[in-house]
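These are my notebook entries on one protein chain. I record below what I looked up, entry by entry.

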Amino acid sequence: MQRRRFLYAHIDHSNTMKIFKKLLKIVLSLFGILLLTALILIWIDSRGTGYLKVEKEGAFANNSYLVQNVNVIPMNADTVLTGKTVYIKEGVIENISDKFTVEGVEIIKGDGKFLTPGLIDMHVHVWDEYELGLYLSNGVTAVRNLWGLPMHLRMKEAVNNAEIIAPLFFTTGPKLTGPEYIGDDNLQLRSAEEAKARVIFYKKRGYDFIKTYYGLTPEIFDAVVEQAAASQMDIIAHPSQKVSYNYHFKPQIRSVEHAEDIIQQPLNYVLDTIKLKEVVSDFSASGTTKFCPTLTVYNNIYQILTNDKILDSENLQYMNPLIRKVDSQAQFDRWQDSKRTDRAIVGSIKAQHEFHLKIIREMHEAGVPIICGTDAGIGVTVPGFSIHRELGFYKEAGLTNYEVLKTATYNASGTHAVMENMGSIEKGKIANLLLLNNNPLEDLSALKRPELVFVNGRKINRKQLNSFEEKAKNRKNLVVSGFRYAENLIREK
């Protein structure tokens, strides 16, 4: 009898193992199918952006030109150098002078047009390569991506290896938050030791900068700053509400983001002009930290509140489809719900935007360097196109055209050592340039549709730039964008 019970137990265990093995095979098969599907979709999507591949477009291989009879706006001074010849040699500005010739170099006739440095958007969120073409089409020749994922490291590598024609690409790692700020779009730090380990890890992975976010306590914040200095990584700060606002004015922190956070934190949601002066004074006294206002993304709340059809607008057709379906819709629903429960919300959002303009004006007057950033790629803030609205707000705040243009060129390039070789037209600088029909120092709208864009000396004409927009419009890569986002949950957490 005892032997029979043992035999039954043995048989039951054997059946359980068989069922387990069968289920394991099913799970592994499903995972394999999912992985294969992801790889196929990613391959198809990469084929869709083949128009950016340098090897497929013969003209992109050339990065040496002679631009004759052009009016140069150097941006290291408020001036126009008329009737100049600019020699671009292997992607670098070799000479700027009066008439001269160089044998064996393709000549571009400037015909009295205007040559400016390419624009730099210092706060973007990139979701696919289609967006890189949108930035170029709008004259943006360098971007600072502030929500780093593994796909961004691949983009950066492709740009650096001249595999694709794209803006120069710099990126933070994933957003670092405190233990209470939960979300799959950031990384929660629970101790100083963990904070230091993450900075070291992101440096090793190849990210350019560290981004600090909500909820960092003084102990964790100090650990991030200390390790970032040791690892020689600049910090970009989205203010943490766990420390005072002036806690962010440290040499390792190269810029503080968002005008709205000044109102939310040190001003405690009150449009307090007296308290603002204290904040501006502290900012000015820091001497090393720049201010990136991102006015456009906040103003877009007002656009959502006043335009019930904004999600159907043509501009939104240039957003990544996953972002449009998830984030754009979520923000639209949130603010439309707020309008139904609070009739005063439209007026208060408008008033805060106007206060943001005052912040810009006072920061500028106090000598705080302002750098242009749009927060493009989230909500309804469209990549590329949004930079012209952002610059327009700075003009509205009282800056001259030269001062406005400086925020997206000379000021921006001076934020990080790795960007110092751009932002002005000088010998030895990278040839990231725009050829414009009109003078942006007289009319900022001249920046909107460059005749030619040079990135690393590679020339892109207006017809090609238009095609970049057409390719990006209503693209069908929602699922593959989801796979790329999911990769972050596996590799970076």
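Helices (H or I, at least four residues) and strands (E, at least two) are DSSP runs, numbered from the N terminus. The model is predicted, so I note that local features need pLDDT of at least 70 and side-chain atom pairs count only at pLDDT 80 or more, while totals for chains, interfaces and linings use all residues. Residues are numbered from 1 along each chain as its sequence is written, and side-chain values use heavy atoms, with hydrogens and water left out.

**Entry 1. The chain overall**

I looked up the secondary structure and found 15 helices and 17 strands. Of the 493 residues, 54% count as buried. I then turned to contacts, where contact means heavy atoms within 4.5 Å. Among contacts between residues at least 6 apart in sequence, 73% join residues at least 24 apart.

**Entry 2. Strand 13**

Why is strand 13 largely enclosed by the rest of the structure? I found that 5 of the 5 residues of strand 13 (residues 253-257) are buried, so the strand is largely enclosed. I next looked for its partners; two strands pair if DSSP finds at least two bridges between them. Strand 12 (residues 235-237) pairs with strand 13 in the parallel sense over 3 bridges, and Ile236 stands opposite Ser255. Strand 14 (residues 290-292) also pairs with strand 13 in the parallel sense, over 3 bridges. There, Glu257 stands opposite Cys292.

**Entry 3. The largest pocket**

A cavity is a set of points where a 1.4 Å probe fits but cannot get out, and a pocket is an open set with protein on both sides within 12 Å along at least five of seven lines. Lining residues have an atom within 4 Å of a point. Grid points are joined across faces, edges and corners, and a volume is the space filled by probe spheres set on the points.

The largest pocket has a volume of about 1200 Å³. Its lining has 37 residues, and the closest to the pocket centre are Tyr213, Glu260, Gln331, Arg334 and Ile378. Which helix gives the largest share of the lining? Helix 9 does, with 8 residues. Helix 6 (260-264), helix 8 (295-306), helix 9 (321-341) and helix 10 (345-365) each supply at least two residues.

For classes, I counted Ala, Val, Leu, Ile, Met, Phe, Trp, Tyr, Cys and Pro as nonpolar, Asp, Glu, Lys and Arg as charged, and the others, Gly among them, as polar. The pocket lining has 20 nonpolar, 9 polar and 8 charged residues.

**Entry 4. The cavities**

I found 3 cavities of 30 Å³ or more. The largest cavity has a volume of about 70 Å³. Its lining includes Val159, Ala162, Val455 and Arg458, and divides into 7 nonpolar, 1 polar and 1 charged.

The second largest cavity holds about 40 Å³ of space. Among its lining residues are Val297, Gln331, Ile378 and Thr381. Helix 8 gives the largest share of this lining, 4 residues. By class, the lining has 5 nonpolar, 4 polar and no charged residues.

**Entry 5. Glu131**

Is Glu131 buried or exposed? Glu131 is buried, with a relative accessible area of 1%. Glu131 sits in helix 2 (residues 129-137). The Glu131 side chain reaches the backbone nitrogen of Trp127 at 2.9 Å; a polar contact is a pair of N or O atoms within 3.5 Å, where within protein one must be able to donate a hydrogen and the other to accept it, and residues adjacent in sequence count only if both atoms are side-chain atoms. Leaving aside residues up to four places away in sequence, Glu131 touches His125, Val126, Asn320, Pro383 and Arg475.

**Entry 6. Asn439**

I located Asn439 in the loop between strand 15 (433-436) and strand 16 (452-455). Asn439 is buried, with a relative accessible area of 9%. Residues up to four places away in sequence not counted, Asn439 touches Ile73, Val80, Phe114 and Ala446. Asn439 and Thr116 are 323 residues apart in sequence and 9.2 Å apart in space, C-alpha to C-alpha.

Technical notes:
1 Å grid on protein atoms, 1.4 Å probe; cavity = no way out; pocket = protein on both sides within 12 Å on 5 of 7 lines; lining within 4 Å. Buried < 20%, exposed > 50% of the residue type's maximum accessible area, 1.4 Å probe, protein only.
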